[in-house]
Amino acid sequence: MEGDLIAAIATAAGRSGVGIVRLSGKGAAACAGAVFRAVDGRALGEHEPRRLVYGALLDREGREMDRILAFWSPAGSSYTGEETAELQCHGSPMVLTMALEALFAQGARQAGPGEFTRRAFLNGRLDLVQAEAVMDLIDAETPAGARTAAGQLAGGLSRRVEEIYSGLVDVMAHFHAVLDYPEEELDPFTAEGLRKALHHTENQLDVLLGTYSRGRVLSRGVPCAIVGLPNAGKSSLLNALVGYERAIVTQIPGTTRDTVEEKCVLGGVLLRLIDTAGLRETEDPVERLGVERSRRAMEEAELILVVVDRSTGLTGEALSLAQEAISKASTLVLFNKCDLPPADIPRPLLALPGEIEVSAKLGTGLKELGQAVAELFPGGEEGTEGELLTNARQAEAAGRALEGVRRAGEALEAGVTPDALLTDVEGAMEALGELTGRSVREDVTGRIFERFCVGK
């Protein structure tokens, strides 16, 4: 069912070669046609759907302001499921603004954030997982992240969830068919058959939920804390990884007083880097706050890079810090300043994980660091990215489905009658329905589409 007529600029702000204005809703072709004059003299809606037409873009007074391409799509065969139209102009912000104003004068209104994709969801063109994948694809920062979002948009995860959901539907349908039609020659509904079905579904959900850690890494990146004693070269390492002087570097210990955050791709993995203050005892109240934030960064990190000054050696403080990091998250110990003579202090007989010699100043060892990161956070099998859970909402729904199936299995073993334990199966089905949007609350969809940009 078509909603009111909305319009928005669909391309990013700023000057560009091409800019797009998009419309959706009843009368989209007529509205776009009122500000577009085709070179053949026919109205836009008289042209073949989804076929680009060349002509002039008119302002609200009917004056020509650009030469553009335009097309329209009928309801039922467009992105939103509604009648849509698109004006492809030169990417002048002024031209795009004037085009939008002309459309508003014809009765369209400004679209809200994500309103086009929300209409696609409400009209059944996309499910909720696919709708989320639209913004994930726009935000993708690595090839693997883009493939994951594209796979979800193509329905990879949705098909996997649908298979699990369908299995539970079969269980419920079989039970009620036997109960409601005892005179029919149906296969009996047995406890052993139910046990096998629940066990199979539990395994499917367990595997699906296990994809979340990898999916989160591919779509959101790895929180990575860079820690070490003062003047070990943490900020120099950050600058080397991001490729420019993001953090201030001096020879004075304790220069970094606060956490500095930046992102980089290393070994094909998106790292959300946090450069921290040097970890030491200090009487300086400002530096002490920085040290506290450094320790919080370690607590929240999934990867910790412990930077050790090779020219001064692995002191007791540095060793204690490395051991602390190892106890909290995946850790790599980087012996920095390998361009300088090493210290004469003997290293303790202790194998530290991922020991890599680097020079943040010269860039030495960064390739080896990338290889180590890739080993810690592998990309997985090619072609399966679109079947992964990638956000907390999806994982929470899948987790509730798994709990429901497990409760049903436990109830069966405890001797509970099928009619009673199948309420847990219904709960699992409802949770899976929330994952794809079969049944989802309005406040949940509102939060999802809030992060969308206008025009999508």
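You are looking at a predicted model, in which local features need pLDDT of at least 70 and side-chain atom pairs count only at pLDDT 80 or more, while totals for chains, interfaces and linings use all residues. Residues are numbered from 1 along each chain as its sequence is written, and side-chain values use heavy atoms, leaving out hydrogens and water.

**The whole chain**

Switch to cartoon view and you have 15 helices and 13 strands, taken as DSSP runs numbered from the N terminus (helices H or I, at least four residues; strands E, at least two). Of the 456 residues, 48% are buried, meaning under 20% relative accessible area with a 1.4 Å probe and protein chains only.

**Stop one: helix 3**

Select residues 115-122. Six of the eight residues of this helix are buried, namely Glu115, Phe116, Thr117, Arg119, Ala120 and Phe121. Step just past the helix to glycine 124, which takes a positive phi of about 80°.

**Stop two: helices 4 and 5**

Now select 128-139 and 143-153. Helix 4 and helix 5 pack at about 150°, with axes 8 Å apart; the axes are lines fitted to C-alpha atoms over the stretch in contact, and angles run from 0 to 180 degrees between N-to-C directions. The pair is therefore roughly antiparallel, a label for angles over 145 degrees. Show side chains for Val129, Gln130, Ala133, Val134, Asp136 and Leu137 on helix 4, and for Ala146, Ala149, Ala150, Gln152 and Leu153 on helix 5, which make the contact.

Stay on aspartate 136, in helix 4. Is this aspartate buried or exposed? Aspartate 136 is buried, at 8% relative accessible area. Beyond residues up to four places away in sequence, Asp136 touches Ala149, Gln152, Arg220, Thr390 and Arg451.

**Stop three: methionine 172**

Finally, pick methionine 172 in helix 6 (residues 156-180). Methionine 172 is buried too, with 9% relative accessibility. Leaving aside neighbours within four places in sequence, Met172 contacts Leu422, Val425, Glu426 and Met429. Draw a C-alpha to C-alpha distance to threonine 423: these residues are 251 apart in sequence and 9.8 Å apart in space.

How values were computed:
Buried means under 20% relative accessible area, exposed over 50%, partly exposed in between (1.4 Å probe, protein chains only). Contact means heavy atoms within 4.5 Å. Angles under 35 degrees count as roughly parallel, over 145 as roughly antiparallel, 65 to 115 as roughly perpendicular and the rest as oblique.
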